[in-house]
Amino acid sequence: IHATENSIHREREILQQLLLDPPAGILVESCKTALPNPNAELYQALRQRGLPMTFLHGSCRELSDAFYVGDDNCGGGYLLAGHLIRNGHQKIAGIFKSDDVQGPERYHGVVCAMRDAGLFPLDENFLWFSSFQRYQLVELQDASVLQNFLRQQLGGCTAVVCYNDEIAFHLIRTLLRMGKRVPEDVAVVSFDNSYYSTFGPVSITSAGHEPHAMGHAAAENLLSQIRRQPCRSVRLPWTLYARQSG
């Protein structure tokens, strides 16, 4: 097990190490999948050696034919936004990660649901954050990016779709500290159905999968490649887990 911590530099070191001593197969969650990957040639070198490889969530764009097990992120965004719209919300904001492909895909689902409901999403109501800003928020407990979003970008929105439960958890804490009620003043929904969704002061409505579904699907995909069996990429659908936050 190797942890890149979403660092392109660390990913390169790991891939160089794997090239020296290739395993039987690799499960990969690549770095910053929304951006061009300067390590693509190392992935190509591993594949040229016949090494089975399955990407989680999204492969680097230079390996468009690689097998992956991911989420139906556009469908998940559509699901969450549709839930908010059915609950009467007409102005919806969003917080999404800019450098991983899941962020743009989830955003796409949200704005498509708003469009189909006759609601026009406004660019200024959407916050895009990077891996470094996530580190500042989660590891350094610096909530300034969320505070600025609520003061400057939320506007008249009554609901926010968050990139994942981790961000939703910190957003709810920031809202409560600013004297806002959740969901009475601002509803919050997110992705992953992780432990964060039931950990905080307000349980979070979240889109998720059956427990371990992603891991099972990824392992089966990789084992099929190792055994030279038929294999295909998979996108898992989301299930809505409604809780207190929206």
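Contact here means heavy atoms within 4.5 Å. Helices (H or I, at least four residues) and strands (E, at least two) are DSSP runs, numbered from the N terminus.

## About the model

This is a predicted model, in which local features need pLDDT of at least 70 and side-chain atom pairs count only at pLDDT 80 or more, while totals for chains, interfaces and linings use all residues. Residues are numbered from 1 along each chain as its sequence is written, and side-chain values use heavy atoms, with hydrogens and water left out.

## Helices α1 and α2

Let's start with a helix pair. Helix α1 (residues 8-20) packs against helix α2 (residues 40-48) at about 20°, and their axes are 10 Å apart; axes are lines fitted to C-alpha atoms, for helices over the stretch in contact, and angles run from 0 to 180 degrees between N-to-C directions. The two are therefore roughly parallel (angles under 35 degrees count as roughly parallel, over 145 as roughly antiparallel, 65 to 115 as roughly perpendicular and the rest as oblique).

The α1/α2 crossing is left-handed, meaning that the near helix is turned anticlockwise from the far one by less than a right angle, whereas clockwise would be right-handed. On the α1 side, E11, R12, L15, Q16, L18 and L19 meet E41, L42, Y43, A45 and L46 of α2. Sorted by class, this contact has 7 nonpolar, 1 polar and 3 charged residues (Ala, Val, Leu, Ile, Met, Phe, Trp, Tyr, Cys and Pro count as nonpolar, Asp, Glu, Lys and Arg as charged, and the others, Gly among them, as polar).

## Helices α3 and α4

The axes of α3 (residues 73-86) and α4 (residues 102-116) come within 7 Å and cross at roughly 40°, so these helices are oblique to each other. Their crossing is right-handed. Residues in the contact include G77, Y78 and A81 from α3 and G109, V110 and A113 from α4. By class, the α3/α4 contact has 8 nonpolar, 6 polar and 3 charged residues.
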